[in-house]
Amino acid sequence: VKIKFNPPLSITFWAYQAILTQLLLCRNGVFAGNGTKACKLGTESSSQRKVLERLEPLAHRNLSVEVTEEKEKYTYVFQLCGDAGGVPNAGVIQKKIDSKDKPTIIGSYTSTEVIGGSDWVMLLYHNGDKYDSHCNQEERKAMIMISCNKNTEAGNFEVILEDRDRLKDCFYLFELDSSAVCPPVQSQLSAGSIILIIGFCFVAVYLIGGFLYQRLIVGAKGMEQFPNYAFWVEVGNLSADGCDFVCRSKNREEAPAYRGVSADALDEEPEERDDHLLPM
């Protein structure tokens with residue numbers, strides 16, 4: 001018995017699209033590498049790995065620049081711990097524009113060295129292609145100076161110089177700005193400031209929320225829109241009474257001007273003496 005299954009056209013379309021997306025991602029190196037872990041250090045150490053981890057935001061990016069050297073135009077391509085320009089194991093390559101020549105590997109990420117400071121990182125790629133006639137035909141080496149720039153994650157990749165007029169230790173020097181090497185921003189707020197901010201936020205929410213509730217739900221008008229108006233009026237009156245009791249030392253009832261005469265005596269009406277009118 002043969003069973004035929006014909007999936008709906010929409011399912012087939014989405015399946016093909018998912019496969020195509022995965023192929024494109026693999027081609028761009030998203031799944032091909034492990035970020036900075038793809039770099040192989042000449043001498044493995046935890047300190048250098050920590051410095052490399054700071055550069056993780058720059059992984060899987062091809063950064064390039066075009067320069068003119070002795071009337072020849074070249075393109076330099078750099079990738080952090082990945083195949084620069086698609087060249088296997090190449091961290092930095094040099095390619096002559098309008099030429100079908102094979103790209104020159106300036107440095108390989110399979111032989112990496114890294115040095116880091118508070119706001120900079122120096123990345124070194126060794127084991128590049130050998131010079132033809134310079135530097136005793138030693139292998140090329142790339143040095144990438146990555147400096148802090150908080151305004152960009154990956155700035156312009158620039159060629160500073162190629163120092164090949166020596167017998168050994170020749171190198172290419174590149175420069176790049178990135179926020180990845182910037183030190184973390186320390187919070188300037190103290191614990192007391194944070195508590196005050198939280199308190200102000202709660203008060204604002206209480207006032208705004210209570211006002212809207214009293215006006216829209218209860219239908220209050222005027223001062224009655226203030227949340228818990230009766231309670232706060234009573235608190236205000238009690239506070240005023242307490243302040244009056246504590247701060248006022250003078251009695252409100254004034255004493256009479258003459259001593260020996262009480263205030264009650266002044267309030268009594270004088271008694272009329274009419275005994276002399278009675279018949280004897």
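**Disulfides and a loop glutamine**

1. The S-S torsion of C135 and C170 is about -90°, so this disulfide is left-handed. C135 sits in the loop between β5 (120-126) and β6 (142-148) and C170 in the loop between β7 (158-163) and β8 (171-178), so the bond joins parts 35 residues apart in sequence. The model is predicted, and the sulfur atoms of C135 and C170 are 1.6 Å apart in it. C135 is buried at 4% relative accessibility, and C170 is buried at 1%.

2. C39 and C81 form a disulfide with their sulfur atoms 1.9 Å apart. The torsion about their S-S bond is about -105°, so this disulfide is left-handed. C39 lies in the loop between α1 (9-27) and α2 (46-54) and C81 in the loop between β2 and β3, 42 residues apart. Both C39 and C81 are buried.

3. C148 and C182 are bonded at a sulfur distance of 2.0 Å. With 105° about the S-S bond, the link of C148 and C182 is right-handed. C148 is in strand β6 and C182 in the loop between β8 and α3 (191-218), so the pair connects parts 34 residues apart in sequence. C148 is partly exposed at 27% relative accessibility, whereas C182 is buried at 14%.

4. The count is three disulfides. With the bonded cysteines numbered in sequence order, the pairing is 1-2, 3-5, 4-6.

5. Q79 lies in the loop between β2 (72-78) and β3 (90-96). Q79 is buried, at 7% relative accessibility. Its side chain makes a polar contact with the side chain of N62 (2.9 Å). Beyond four places in sequence, the contacts of Q79 include H60, R61 and Y125.

Key
Residues are numbered from 1 along each chain as its sequence is written. This is a predicted model: local features need pLDDT of at least 70, side-chain atom pairs count only at pLDDT 80 or more; totals for chains, interfaces and linings use all residues. Side-chain values use heavy atoms; hydrogens and water are left out. Helices (H or I, at least four residues) and strands (E, at least two) are DSSP runs, numbered from the N terminus. Buried means under 20% relative accessible area, exposed over 50%, partly exposed in between (1.4 Å probe, protein chains only). A polar contact is a pair of N or O atoms within 3.5 Å; within protein, one must be able to donate a hydrogen and the other to accept it, and residues adjacent in sequence count only if both atoms are side-chain atoms. Contact means heavy atoms within 4.5 Å. A disulfide is a pair of cysteine sulfur atoms within 2.5 Å.
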